[in-house]
Structure formats: C-alpha cells, structure tokens
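Subject: Structure handover

Hello,

Here is the structure I promised to pass on. Please open it alongside this note; my findings follow below.

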Amino acid sequence: MQLSVTLLAAARSSSLLAERFDDDRPLDDAGWYEVQRAAPGLGPLAAAELRYCSPTPRSRATGDALGLAPLAQPALRDCDMGRWRGRTLAEVTAVEPRAVDHWLGDPRSAPHGGESLLAFISRIGAWLDTRPADDGTRMVAIAEPSVVRAAVVYALKAPPSTYWNLDVRPLSTATVTGHPGRWNLRLGGTPS
C-alpha cells in the first residue's frame with residue numbers, strides 16, 4: 001500500500017518573533033494575505049482524496065482559504081506545552097532557564113508539565129501510520145509548523161534532536177510517501 005501525505009504548514013497568525021507555545025490565535029491580516037498569494041502554487045493540493053487539519057484556528061482557516069474544507073484531527077494538535085502555553089521561548093527562558101535547557105537537551109523531558117518532545121513525535125507518527133487509505137491515495141494535512149517537523153523526524157526515523165534542526169516556514173510543504181513503518185521524504189516539485 002503506497003500513500004502520499006503532503007503536510008502543509010499553516011499560515012502565520014503573528015510575527016515569527018512573537019510566536020508562542022501552543023499558539024491558537026486565528027490568522028492575522030498578514031497570514032490571510034500570504035494564503036491568497038500562495039494559493040495558485042498550492043492548487044494541486046485540491047486533488048487530494050483525504051484532507052485533514054489540526055484543530056487550531058489558523059490551520060482550519062488556511063485550509064478553508066485554499067478551498068480544501070479539511071477535517072479537523074485532534075491528533076494533529078501542537079505539542080502540549082503545559083504551564084508554558086501562551087508564552088514565548090524568551091519569556092520562559094527568563095524565568096526558567098535550567099528547565100528550558102533540560103527540555104531542549106532531553107527529548108524525554110517535560111519540565112513544563114505537558115508533553116515531551118519524544119511523546120509529541122510519537123503521537124504525530126501514530127497518526128501518520130493509521131491513515132485509512134487505499135493504494136495510491138493522496139492526502140493533505142494542514143498543521144502547525146511544529147507538527148510538520150515532528151512528522152518529518154518520525155518519517156525519517158531520525159533522532160528526536162533532529163527536530164530542532166528543521167526550519168518549517170508558514171505555507172511550506174513536505175510530502176511523505178510510503179506506508180506505515182516505511183516512509184520516505186519527497187523534496188521539491190509540486191505539492192500533491
């Protein structure tokens with residue numbers, strides 16, 4: 001069974017410098033403008049038989065603005081950041097520098113009381129591995145950039161620390177092809 005899942009990073013809802021953990025704000029004017037500008041190049045995503053999104057307002061709005069009408073998937077939510085939710089990395093580092101260092105250095109740690117990086121990657125991988133589809137089915141999933149990063153790390157069976165080295169920009173795509181337990185990353189080309 002060969003599947004193709006194109007992961008589309010949701011449009012932004014704030015300046016990249018003001019991004020917050022578990023940021024569930026809706027698209028701002030700049031985000032709407034970016035979606036409209038990118039829409040022609042993302043048109044091939046409409047050919048996907050199955051269309052999903054994370055439950056965040058900006059993921060849903062990105063999918064709707066592209067005419068995809070995606071189905072929200074709770075498993076595609078961002079990493080649970082516990083008591084750090086709604087704060088920037090700079091804000092948390094100013095008050096809990098050792099906890100931030102521990103979190104960044106140990107993928108099993110969750111000093112914020114939420115989900116560890118390893119648990120987050122595993123959750124996204126489990127979602128990927130349980131997609132109901134026939135051979136050749138094409139899917140699209142609109143989610144937060146962090147979810148796209150986690151999916152790529154899982155698909156490549158890369159060490160969890162690789163997560164910190166991936167830069168996923170708003171409205172960028174990554175496509176994984178294959179089947180549960182055997183995924184390949186396809187770079188470049190038109191989104192499917």
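Does Tyr33 count as buried or exposed? Tyr33 counts as exposed, because its relative accessibility is 54%, and a residue needs over 50% for that label. Bear in mind throughout that this is a predicted model.

Tyr33 belongs to helix H1. Its C-alpha atom is separated from that of Ala11 by 9.3 Å. Along the chain, Tyr33 and Ala11 are 22 residues apart.

H1 spans residues 29–42, and helix H2 spans residues 57–65. Their axes come within 10 Å. They cross at roughly 35°. The crossing of H1 and H2 is right-handed. On the H1 side, Trp32, Val35 and Gln36 make the contact.

**Helix H4**

H4 covers residues 97–105. Its buried residues are Ala99, Val100 and Trp103. Those residues are on the same side of H4, because they cover an arc of only 100° around the axis. The face turned away from that buried side carries exposed residues: Arg98, Asp101 and Gly105. Helix H3 (89–95) is included in what covers the buried residues of H4.

**Aromatic rings**

Searching the whole structure gives five aromatic pairs. One of them joins Phe120 and Tyr163. This pair is edge-to-face, with 6.3 Å centre to centre and 85° between the planes. It links distant parts of the chain, 43 residues apart. Phe120 is in helix H5 (residues 117–129). Tyr163 is in the loop between helix H6 (145–156) and strand S5 (173–179). Phe120 and Tyr163 are both buried.

Tyr163 also pairs with Trp164, again edge-to-face. Here the centres are 5.0 Å apart and the planes stand at 90°. Trp164 has 30%, so it is partly exposed.

**Charges over rings**

Which ring lies under the charged end of Arg149? That is the ring of Tyr163, with the charged end 3.9 Å from its centre. Arg131 lies over the face of Tyr52, at 5.2 Å from the ring centre.

**The loop between H6 and S5**

Leu171 lies in the loop between H6 and S5. It has a positive phi of about 70°, although it is not a glycine. Most residues other than glycine have a negative phi. Leu171 is buried, because its relative accessible area is 13%.

Ser172 lies in this loop between H6 and S5 too. Its relative accessibility is 24%, so Ser172 counts as partly exposed. What does Ser172 touch, not counting residues up to four places away in sequence? The contacts are Leu7, Leu8 and Ala9. The C-alpha atoms of Ser172 and Ala11 are separated by 8.9 Å. Along the chain, Ser172 and Ala11 are 161 residues apart.

**Loops on either side of H2**

Pro55 is in the loop between strand S2 (50–53) and H2. It is partly exposed, because its relative accessible area is 32%. Not counting residues up to four places away in sequence, Pro55 touches Arg60, Ala72, Gln73, Pro74, Leu76 and Arg77. Pro55 and Glu144 are 9.7 Å apart in space, C-alpha to C-alpha. In sequence they are 89 residues apart.

Ala69 is in the loop between H2 and strand S3 (71–72). Its phi is near 45°, a positive value in a residue other than glycine. Ala69 counts as exposed, because its relative accessibility is 60%. Leu171 also has a positive phi, but Leu171 is buried.

Over to you.

Best wishes

Terms used:
Residues numbered from 1 in each chain as written. Predicted model: local features only at pLDDT ≥ 70, side-chain atom pairs only at ≥ 80, totals over all residues. Heavy atoms only, no water. Buried < 20%, exposed > 50% of the residue type's maximum accessible area, 1.4 Å probe, protein only. Helix = DSSP H or I, 4+ residues; strand = E, 2+ residues; numbered from the N terminus. Arc of directions from axis to C-beta. Contact = heavy atoms within 4.5 Å. Phe/Tyr/Trp six-rings, centres within 6.5 Å; stacked < 30°, edge-to-face > 60°. Lys NZ or Arg CZ within 6 Å of the ring centre and 35° of its normal. Axes fitted to C-alpha atoms, helices over the stretch in contact; angles between N-to-C directions. Left-handed = near helix turned anticlockwise from the far one by under 90°.
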